Amino acid sequence: MSPAGVVDLLVDGPWSHSLVAANGARFHVAECGAADDPLVLFLHGFPEFWWAWRHQLPVVAAAGYRAVAMDLRGYGASDKTPRGYDPYTAAADVSGVIRSLGAADAVVVGHGWGGFIGWSAAVLASRQVRALAAVSAPHPLLLTRSGQTKAMTRTAWFQLPILPERRLLAHDGIHIERLLRAWAAPGGPFPDAEASRRYRAALQVWPAPHCALEYHRWFARSRLRPDGRKYSNLMRTPVAVPVLQLQGAQDSAVSPTATTPPDLVAAPLRHELITTAGHFPHEETPDLFNRVLLDWLPATR
């Protein structure tokens, strides 16, 4: 496999591709549905890109929503800026994309680090977040607790200079496939050959590996810095919109028992556990995931 270009990430399907300007950068989005339908904005996690939501975009659009998946800053066909991988900037990215799409607000569906950004946006850019579905993404204040040892160990390894990027790039990105397999339910269908090929290719586009790791690095390095303490204090503000927290019971990346306590959400809070899924329920069990999501979405209108 040779390193992929950005054009290889614009996968054809029942969606349209475009670039939108927001918060000083350009973001790639893939979109299904009518422009005047309620907006549902999907945020992928590590080590994926917008294509992670291929099973959801047409289904959510068919249910009467404008379904849009964006590449986060540093990923896919979005700009790969030298800085901007902190939750303040990421929340402003989400807020800006929503407004650039011509919407006043959106239901934000975020997986993994996309869920971390979704939680952040629900507090830091609350006017643009109508509701939040956090997939395999505990509330940020839970990530440093004892039940998240695996997640914190991985983040600690990512703090090393240069070596993690080299490992992600080595051997055409085989380590990315190994991460996907390690975090998914054992013996399940994910990742198949196409998913492995596309996700490995997406992080071959330099400097995507470095940008992707910068999100992890900010989280770890900010613990003792003023910006990190300020962020933690802000995130104690209860989320004031409906929240769906959906996790896979076989998730080996973050603890599936890390359910958000009610004092952090001052609105309807629903927990769902998919027993047959690991860290990627939207890809491992898409039909079941879609049923849960579509059952919850009407409560966000």
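Searching the whole structure turns up two cavities of 30 Å³ or more. A cavity here is a set of points on a 1 Å grid over the protein atoms alone where a 1.4 Å probe fits but cannot get out. Its volume is the space filled by probe spheres set on the points, which are joined across faces, edges and corners.

This is a predicted model: local features need pLDDT of at least 70, side-chain atom pairs count only at pLDDT 80 or more, and totals for chains, interfaces and linings use all residues. Residues are numbered from 1 along each chain as its sequence is written, and side-chain values use heavy atoms, with hydrogens and water left out.

**The second largest cavity**

The second largest cavity holds about 30 Å³ of space. Helix H2 (87-100), helix H3 (113-124) and helix H8 (208-221) each give two or more residues to its lining. Helices (H or I, at least four residues) and strands (E, at least two) are DSSP runs, numbered from the N terminus. The lining residues, which have an atom within 4 Å of a point, are Tyr85, Asp86, Pro87, Ala90, Phe116, Ile117, Tyr215 and Trp218.

**Helix H9**

What do the buried residues of H9 pack against? They pack against H2, H3 and H8. The buried residues of H9 (residues 226-234) are Gly228, Tyr231 and Ser232. They cover an arc of only 100 degrees around the axis, so they sit on the same side of H9. That arc is taken from the directions from the helix axis to the C-beta atoms. Exposed Pro226 and Lys230 are on the face turned away from the buried side. Buried means under 20% relative accessible area, exposed over 50%, and partly exposed in between (1.4 Å probe, protein chains only).

**Backbone exceptions**

Most residues other than glycine have a negative phi, and most peptide bonds are trans. These places depart from that pattern:

| Site | Feature | Value |
|---|---|---|
| Phe46 and Pro47 | cis peptide bond | omega about 5 degrees |
| Trp206 to Pro207 | cis peptide bond | omega near 10 degrees |
| Asn23 | positive phi | near 55 degrees |
| His171 | positive phi | near 55 degrees |

Pro47 is in the loop between strand E3 (39-43) and helix H1 (57-62). Pro207 is in the loop between helix H7 (193-202) and H8. Asn23 lies between strand E1 (16-22) and strand E2 (25-32), in a loop. Asn23 is partly exposed, at 39% relative accessible area. His171 sits in the loop between helix H5 (163-169) and helix H6 (174-183). His171 is exposed, at 68%.

Definitions and conventions: 1 Å grid on protein atoms, 1.4 Å probe; cavity = no way out; pocket = protein on both sides within 12 Å on 5 of 7 lines; lining within 4 Å. Contact = heavy atoms within 4.5 Å.
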